Structures are given as C-alpha cells and as structure tokens.
Amino acid sequence: MNASRVNVTSALRLAVLVRPRRGAAALASPGAGTAAFPGRRPAPRAVRTRTQVADRPGATPSGAAPASAWLPSAPCTPGACVESMGSLAAVPRAVLRLTVVVAVLLVGIVLIPVVGRLAGMRRDRAIRLWCRTIVRVVGVRVQTTGAAPPTGGLLLVANHISWLDIPLLAAVRPGRMLAKAEIRQWPVAGALTASSGALFIERDRLRALPTTVARIADTLRDGAAVVVFPEGSTWCGRAQGQFRRAVFQAALDAAVPVQPIRLHYRLDGGEATTAPAFVGSDSLLASVWRVVSARRLVAEVRVQPVLAPGSAPDRRTLARAAETAATHRSCANSEGAHRPAS
C-alpha cells in the first residue's frame, strides 16, 4: 500500500463524527483507534492502577473493572472527570469551527492521490501540516517541544486522553496505528482504518499476541513508524493507566528506538483541563462538541528523548522507562493545578 495513503488516512479516521454506540464488551473503553498488549502478570497491574486512581481527583476509584485482563479500561467517566466549558454564546463559534474542519477534511481526502505521489520527506511534511491544521481549526493551539527522528523504524508511545491525540502524534511523525479489530465493523471509520494500513489486534485472543508482535516488529524493521497508546484506553488526564509491556517486545526484536511522547491539555492561562478527554460512555460527537465550544485550549506535545536500542534489557524495563517519560509521575495533566485535598 502506498505509504502516503497509509499515513493520511490514519489521521482521517478519527475525525469521523459518526460511529456505533458503545455497549458491547469489545467497546468497553473509548481508546477508539488503539489497543494495548497484555503483560505476563496482568492482575497485580489492575490492582495497582485502581489504587493510583483512588488517590487522584477527577477519577472514580469504584469504576468498572475491565471485561478481562486483556481488555484494559479506565474508571474515568464523563460525569466525574470531564469539564464542560460550553455555553449558549459558544454555539455560533462551535458551528463555525465544525464547518471549517469538515472542509479541511474534505480537502485532505481529495488531495490523497496528489500527496501519494510526493517523495517521502515532502509527503510527511504535508501530512504533518494537515494534521496540525485539523487541530488548529477546532480551536486548539498546539505547543510542541522536541522532535522525532524523521526516518527509520520507530515505536512512538504516548499517554492517551483524547481523539485529538491521533492528529497530534501524526503531526510529530506520521506512522501506522495499532488498532483493535472491532473497528473493522464500524461504518465509514472501519473502511478508512482498514485502508490506512493500520495494524489490527484481536485483544480477546491471547494466542494471537505473538503473531501481532511479529507483524509490528516487521513493520519497524521496514523503516516505518508505529504509533501505540500502551495504556490501552483513554484516561481523563488527571489519572492514567500503566503501560502494557508486550508491544515493547516488538521494538526489542526489531532493534529500533522508542519515542515517548507526553500529551497535556490546558487552558491558555496555564490551568490544566479535562475538556478534551474522551472517556467512559462519552460519544465522539459529544467530545468533539466540547472541544469546538471551548475557548483558549492548548495542547502541549512534549517529544521526549528517544530510548535507544539496547538501553533496556527487557520489555518490562523498557515499558517502565517509556511510561515515566510519557506520563511524568503518572499524571500528565496535573502539573501544579490539581492536587488531592488534605
């Protein structure tokens, strides 16, 4: 498949505003475009995660447990965690932003064949510009620090908060997304995702894990970037999950670097916000509406130093190092603004 089409369509699929309602166990978490791999001992991790959430504001310690040890979900819910920043006065602005973003998406779809004929570096620049434009026209200002290697196999990992995470990471470096297999059945978005070259994982089939890891490793050896959210689910940002380990085995097998990226959403004045979060029973349309209705949203994308091949002896150590870099004491959106009451 043409690499440009892979990258452009990967960013497109999360901008689709219509998708099935959640309710089935397979769609227990709104980590819509992504999936995480299990480690060898999932039970202790689940217990530790609930303990962490109980100590942080904005999270529900009694949240529902995952459908299984291999289907991680977050206890964050829209009612308990997500700030609503809209008002009647914001409706005209929100409608205008939605209109513009639809236009930008349509232009991108029309230009896919043209972008596909560009050389590698020029193609990636066009994709990054387009993804930044999508984020900007929905009213979010982007601040990026650091940069990813422009070529070569690379595993990009980040904390997961919002559907905005997808174009933000594509603006850092376009890559192939790791997606759960259920997305294939979604109308429109399923077809776009499948045609994008996404790497699908059947999260309820543990025996398929080695094959999936091998596919990721082969993709990395071919010099492509693979984008993964190892938490396996979206979190509100004031709390977050632990990085699942198995995907890091692919980076070890392919001997490629790991690029941790820290995502943080705040207001222009510096106060952290959960308005962009996409969690629990939230619908994509509701989450998009919160974003386009809000004012002064800023997305900070902090590209951390790469973890070079050979810097970690095993996937457990590599996952912990990446988690530390990407989440900053396990709470990327709590910097200075949200602390537990005495």
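Predicted model: local features only at pLDDT ≥ 70, side-chain atom pairs only at ≥ 80, totals over all residues.

User: Why does Thr273 count as buried?

Analyst: Buried means under 20% relative accessible area, exposed over 50%, and partly exposed in between, with a 1.4 Å probe and protein chains only. Thr273 has 1% relative accessibility and therefore counts as buried. The residue is in the loop between β6 and α10; helices (H or I, at least four residues) and strands (E, at least two) are DSSP runs numbered from the N terminus.

User: What does the side chain of Thr273 reach, and at what distance?

Analyst: It reaches the backbone nitrogen of Ala275 at 3.1 Å. A polar contact is a pair of N or O atoms within 3.5 Å; within protein, one must be able to donate a hydrogen and the other to accept it, and residues adjacent in sequence count only if both atoms are side-chain atoms.

User: Why is Arg320 called partly exposed?

Analyst: Arg320 has a relative accessibility of 44%, so it counts as partly exposed. Its place is in helix α11 (residues 315-327).

User: What makes a set of residues a nonpolar core?

Analyst: The members are buried Ala, Val, Leu, Ile, Met, Phe, Trp, Tyr and Cys residues joined through side-chain atoms within 4.5 Å. The largest such core has 54 residues, and Val140, Leu164 and Ile261 have the most contacts inside it. Apart from it lies another core, of 27 residues, including Leu155 and Val247.

User: Which residues does Val140 touch?

Analyst: Leaving aside residues up to four places away in sequence, Val140 touches Val135, Leu164, Val291, Leu297, Val298 and Ala299. Contact means heavy atoms within 4.5 Å.

User: How do you know that the span of α8 is close to the expected one?

Analyst: The expected span is 1.5 Å times one less than the number of residues. Helix α8 (residues 209-221) has 13 residues and reaches 18 Å from its first C-alpha to its last, close to the 18 Å expected.

User: Why are the buried residues of α8 placed on the same side?

Analyst: Leu209, Thr212, Val213, Ile216, Ala217, Thr219 and Leu220 are buried in α8. They cover an arc of only 160° around the axis, which puts them on the same side of α8; the arc is that of the directions from the helix axis to the C-beta atoms. The face turned away from this buried side carries the exposed residues Pro210 and Thr211.

Definitions and conventions:
Residues numbered from 1 in each chain as written. Heavy atoms only, no water.
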